[in-house]
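Visitor: I've got the model open and I'd like a tour with the cut-offs spelled out. Let's start with the charged side chains.

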Amino acid sequence: MATHARPGPSPTGRRIPELEPAVVREWQAGGGELVDLFTRAREQLGGVAAFRLGPRPTVLVTEPQAVQHVLALHPDRYVKRSHRARLLIGDGVLAATGEAWQRQRRLLQSQFTGRGMRRYEARITEAARTTAARWTEYARTGEVLDVGEEMRRFALDTIWRSLTGHPLDPGTERELMSVPAVVAALPSLPADTAAAQGAVAADLARIDAVASRAIAAARDDEPGPAGPGLLHVLVEVAGTRPEYTDRLIRDELVTLLVAGHETTATTLTWLYLLLDRNPEAREQALAAGAAGSPERREAVQALVHETLRFYPSAWILPRCATEDDVVAGYEVEADTDILVCPYLTHRDPGLWEDPERFDPGRFTTPGRRPTHPGSYYPFGLGGRACLGLQFALRESTALLEHLLPAHTPRFHSVPDRAAYSITVRPDGPTPASLTG
């Protein structure tokens, strides 16, 4: 692929193996998902492989040491060019780069670790209790619910409480349904920015209106019942840091709404679909210990981790090489597009025993899972790993501790395929009735 290695002490690497053009043409003719092409590349060529969809090759990375090299050890050499959701999240921390990203990341990171996380505990618990009460009513009346919509409703309520201090009211909930609508539309939007914005203009206007009202309330010092939220922190910072304009505060707010509810809702929906096929996993988690015990919590967290192994929060992490480099012994030229794929790393039979089997015990029994950090990274690795890792795990665990002992969804139908967008989500509704 490359004809020279970058200057310095690094040895000259090998040429990256490239998928035969005939294989790519066959995939294109079959109209398969991009993940199908990735799977062929990994199976035929290994954990560092190239393929061409245009004049230049793209490099797929799934091998753990190469993953760590790209994401964690040398983030300065492998950068994000742009974010697919920039149309929605603007200059929020997920899309920001360079010094702006560093400043935004430092500010938000302090809110999702240690004392910052403790501020959200009661809000997460209240959102879980609200959902549990709603499920109890569904079970009493026999009303059919959509599990995916319920998980989205819970996750949106949780992040809204954390941002504003207020529970999610029905009107705001309806308007914020524009967020997943735009996320779902992103893969099919026109390449032209103006045309793409026009296609989702009504949804973006509703999102902007919600954000504007929330920012105004925070600026008027209107804390909710649980006290001020993260939005109040952003407004306060704007008083001393002029870069935090209303537009940037809006972008951070929407970024946190997207990252704080879309991925969690998708993970919880997959978890219930997996439990439907593997009911013994639920029984094992509940039998691990009494309600509220560390043993029960560890077992419930293992359900979440195993679901994230199957369906990581971001199934693909795009990067671009800023200079020539050697990755796992292979030469990479500057300006090469790199696609790191946790979805395939997590399903690699060379790393995971029987990877297509749902087995939460991998995360509770020592020695059952690979130890290299590049083997399991559902929230990414390194400086750009997801800020909300602990938040997402805590809210997922809190909800499951409330729901698992009391209710089992019996699905009327389940999606027969996955949709690969920013997340990997079930491609269809998930109607169910509840049993005790």
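Visitor: What does the count of salt bridges come to?

Guide: A heads-up: this is a predicted model, where local features need pLDDT of at least 70, side-chain atom pairs count only at pLDDT 80 or more, and totals for chains, interfaces and linings use all residues. Residues are numbered from 1 along each chain as its sequence is written, and side-chain values use heavy atoms, with hydrogens and water left out. A salt bridge here is a side-chain nitrogen of Lys or Arg within 4 Å of a carboxyl oxygen of Asp or Glu. By that rule, the count is 33.

Visitor: How many residues apart in sequence are the parts that aspartate 337 and arginine 81 tie together?

Guide: These two form a salt bridge, with their closest N and O atoms 3.0 Å apart. Aspartate 337 counts as partly exposed at 31% relative accessibility, and arginine 81 as partly exposed at 49% (buried is under 20% relative accessible area, exposed over 50%, partly exposed in between, with a 1.4 Å probe and protein chains only). Aspartate 337 sits in strand β8 and arginine 81 in the loop between β3 (78–79) and α4 (86–89), so the parts they tie together are apart in sequence by 256 residues.

Visitor: Is aspartate 251 buried or exposed?

Guide: Its side chain meets that of arginine 247 in a salt bridge (3.5 Å, N to O). Arginine 247 is partly exposed at 47%, whereas aspartate 251, at 2% relative accessibility, is buried.

Visitor: Which residues do salt bridges with shared partners join into one network?

Guide: First, a pair: aspartate 354 and arginine 357 meet side chain to side chain at 2.9 Å, N to O. As for the network, salt bridges that share partners link Arg134, Glu150, Arg153 and Glu173.

Visitor: On to strands: which residue stands opposite cysteine 320 in β8?

Guide: Helices (H or I, at least four residues) and strands (E, at least two) are DSSP runs numbered from the N terminus, and two strands pair if DSSP finds at least two bridges between them. Strand β8 (residues 337–340) pairs in the parallel sense with β2 (residues 57–61) over four bridges, and in the antiparallel sense with β5 (residues 317–321), also over four bridges. Threonine 58 faces aspartate 337 in β8. Opposite cysteine 320 there stands aspartate 337.

Visitor: How many of the residues of β2 are buried?

Guide: β2 pairs antiparallel with β1 (residues 48–52) over five bridges, and a hairpin of four residues joins them. Both faces of β2 are covered, with Pro57, Val59 and Val61 on one side and Thr58 and Leu60 on the other. The buried count is five of five.

Visitor: How many of the 18 residues of α7 are buried?

Guide: At 1.5 Å a residue, α7 (residues 147–164) should span 26 Å, and its end C-alpha atoms are 26 Å apart, which agrees (the expected span is 1.5 Å times one less than the number of residues). At its start, a side-chain oxygen of aspartate 146 comes within 3.0 Å of the backbone nitrogen of glycine 148. Just after the helix, glycine 165 takes a positive phi of about 85°. The rest of the structure largely encloses α7, because its buried residues number 16.

Visitor: Last one: what is the C-alpha separation of leucine 234 and leucine 163?

Guide: Leucine 234 is in helix α12 (residues 230–238) and is buried, at 0% relative accessible area. Skipping residues up to four places away in sequence, leucine 234 touches Leu107, Leu108, Tyr244, Ile249 and Glu252 (contact means heavy atoms within 4.5 Å). Leucine 163 is 71 residues away along the chain, and the C-alpha separation is 9.8 Å.

Notes
A polar contact is a pair of N or O atoms within 3.5 Å; within protein, one must be able to donate a hydrogen and the other to accept it, and residues adjacent in sequence count only if both atoms are side-chain atoms.
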